[in-house]
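Let's walk through this protein together, one region at a time.

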Amino acid sequence: LTSKRYQIERGQFSTISEEDVNFFTNLLGHHRVINDETELEGYNIDWLGMVRGASSVLLKPKTTEEVSTILAYCNKRKLAVCPQGGNTGLVGGSVPVFDEIIISTALMNKVENVDTWLGVVTCQSGCVLEALDEHVSEYGLMIPLDLGAKGSCHIGGNVSTNAGGLRLLRYGSLHGSVLGVEAVLASGEIVDCLSAMKKDNTGYDLKQLFIGSEGTLGLVTKIAINCPPRPQSVNLAFLGLETFDDVLKTYKDAKKKLGEILSSCEFIDQSSIECVEKNLKLKAPIGAHPFYMLIETSGSNGIHDEEKLNVFLEEALGAGLVTDGTVATEPSRMHHIWSIRERIAEALINDGCTYKYDISLPLPHFYKMVEDMREHLGSNILRCCGYGHIGDGNLHLNITSKEFEKDLLNLIEPTIFEWTAKVNGSISAEHGVGFKKRNYIHYSKSSGAIALMKQLKALMDPNGILNPYKVLPDN
Ligand code: FAD
Ligand code: S2G
Ligand code: ZN
């Protein structure tokens, strides 16, 4: 149990009673109030299997009004809650620490409107990302976000973690592409900031408070998101490189020579590829190299795009920056290549225990962190590898051991956060802070900023019932 492993005190919250369960059953009906222990198992443990709570009640509302009634009741009773979307979060934020009531958005999955003129979809927060993207593809649109968890994560969870993903360098952050948010506060009050207009400069932009606050300021119930036109032509290059310096130079060239059609630039080191090949029996489309890159173009004219991509690749090969490579244009081949990148997380789990670090770094220091940590940890580990969104300066540094070892964790933390702070990086680039990183945010945020966050939290959730033990430091 998380509370045991991390020795933390339960907050001053009420414990759920028979009467409370009756209240929820009257509101939602039996099928949407789950208290069977086995059924709860999957909702109490996170995707990594690293944090486990002990909730005895899971609620599945269908509407904003039901969420409002639930939260107003919980707030009055001082019952703590844990909002949950697809439960694919990687920082322990999506599962209870103790017996918090889990409120799942699984049944809040209706698309309300697609404005085909402006290209804006308005939907409930429980829409699964992949299903929502398929839905808008019928209108020639796409959701401006893609990540390996697309088959399970909810758009409300994406907004609540301000997820980055594989195409942020082309479509930007959710702080830009999300136009409107409807959320319910701890009091049950419904905050309607659901404008679907591209521009709305009337007063404070309150929706931003719910983007990235990980369920600690409100429960997101609906969103309106700007959807770019689906690209007519997509190419995916999978490249082999000898040094990380070549990776940086190739990235810079790609930005310059591919310009507006560059839609993704990812890097993977050899140890990550070995893990995928060994644990998932997936084969990389080219031979062994110290580094690999995925460079994707998305545009509206296949001939123009292929021409630009070929010139870029020929020059990169000619300059010796890239030593091998293949280009895929056919969807199933592109899908295979993407799965090699997207399933690294899954492959790492098969090593045993994964210690995950999602770091933003200035590019000159980027891979040095992996090399330094490898040296620092020596033979105490199974693997120390690096991959991620080089285009966003976002490194996924992952360390694995056979099983969880507290002294190994103490060898890694806080060294890795000190290393990050020294180069003014961020200790959590896109996964959020959740439970695991809450006591380290001072490495990336000033004490004044943290104080203001606490004031906002006290204002919006005075009883602290929304996702306690997450995001903000314990004291
Ligand atoms: P959950 O995990 O259910 O919840 C995440 C957090 O948001 C929790 O704190 C929860 O309390 C809160 N929350 C959820 N729904 C709501 C709501 N409606 N209102 C308020 N709070 C809410 N992340 C990236 O950023 N980029 C990636 O490239 C990426 N790749 C991934 C690949 C894999 C294979 C996996 C397993 C995960 C990956 N993630 C990535 C992490 C994760 O998928 C994202 O954080 C995602 O946005 C979480 O969405 P979810 O619906 O699963 O949310
Ligand atoms: C990714 C999620 C998985 C990981 O794959 O881009 O955000 O292993 C990550 O960190
Ligand atoms: Zn990522």
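What follows is a tour of helix packing, charged pairs, a surface patch and a few backbone details.

Before we start, please keep in mind that this is a predicted model.

Two packed helices are described by the angle between their axes and the distance between the axes. Find helix α2, which covers residues 18–28, and helix α4, which covers residues 64–77. These two pack at an angle of about 165°, and their axes lie 11 Å apart. An angle over 145 degrees counts as roughly antiparallel, so α2 is roughly antiparallel to α4. Where α2 passes α4, the crossing is right-handed.

Side chains of opposite charge can pair when their charged atoms come close. Here Asp 20 forms a salt bridge with Arg 77, with 2.6 Å between the closest N and O atoms. Asp 20 sits in helix α2 and Arg 77 in helix α4, so that the pair links parts of the chain that are 57 residues apart. Arg 77, at 27% relative accessibility, counts as partly exposed.

Lys 78 lies in the loop between α4 and β3, the strand at 81–84. Lys 78 has a positive phi of about 55° although it is not a glycine. With a relative accessibility of 37%, Lys 78 counts as partly exposed. Another residue with a positive phi is Asn 162, where the angle is about 50°, and Asn 162 is not a glycine either. You will find Asn 162 in the loop that runs between α6 (155–161) and α7 (168–171).

Which residues make up a nonpolar surface patch of about 400 Å²? Trp 117, Leu 118 and Met 197 do. Met 197 belongs to the loop between β8 (190–193) and α9 (207–210). The relative accessible area of Met 197 is 46%, which means that Met 197 is partly exposed.

Helix α10 (residues 244–258) packs with helix α12 (residues 302–318) at an angle of about 150°, and the axes are 10 Å apart. The two are therefore roughly antiparallel to each other, and the crossing of α10 and α12 is right-handed.

Back to the charged pairs: the count of salt bridges comes to 24. One of them joins Glu 277 and Lys 283, with the closest N and O atoms 3.4 Å apart. Glu 277 is partly exposed at 26% relative accessibility, whereas Lys 283 is exposed, with a relative accessible area of 56%.

Arg 383 also forms a salt bridge, this time with Asp 351, and the closest N and O atoms are 2.7 Å apart. The pair links distant parts of the chain, 32 residues apart: Arg 383 is in strand β15, and Asp 351 is in the loop between α14 (344–349) and β14 (353–360). Arg 383 is buried, with a relative accessible area of 11%, and Asp 351 is buried at 4%. Salt bridges that share partners also join Asp 146, Lys 150, Arg 167, Glu 296 and Glu 342 into one network.

While you are at strand β15 (residues 383–389), look for Cys 384, which is found there. Cys 384 is buried, and its relative accessible area is 3%. The C-alpha atom of Cys 384 is 40 Å from that of Ile 34, a residue 350 positions away along the chain.

The tour ends with one more helix pair. Helix α15 (residues 368–377) and helix α17 (residues 415–422) pack at an angle of about 150°, with 11 Å between their axes. That makes α15 roughly antiparallel to α17, and their crossing is right-handed. Now look at Pro 414, in the loop between α16 (406–412) and α17. The peptide bond from Glu 413 to Pro 414 is cis, with omega near 5°.

Note on methods:
Residues numbered from 1 in each chain as written. Chains lettered and ligands numbered in written order. Predicted model: local features only at pLDDT ≥ 70, side-chain atom pairs only at ≥ 80, totals over all residues. Heavy atoms only, no water. Patch = residues over 30% accessible without salt bridge, like charges linked within 9 Å, V, L, I, M, F, W, Y side chains within 5 Å. Areas by Shrake-Rupley, 256 points an atom, 1.4 Å probe, with all protein chains shown as cover. Salt bridge = Lys/Arg side-chain N within 4 Å of Asp/Glu carboxyl O. Helix = DSSP H or I, 4+ residues; strand = E, 2+ residues; numbered from the N terminus. Buried < 20%, exposed > 50% of the residue type's maximum accessible area, 1.4 Å probe, protein only. Axes fitted to C-alpha atoms, helices over the stretch in contact; angles between N-to-C directions. Parallel < 35°, antiparallel > 145°, perpendicular 65-115°, else oblique. Left-handed = near helix turned anticlockwise from the far one by under 90°.
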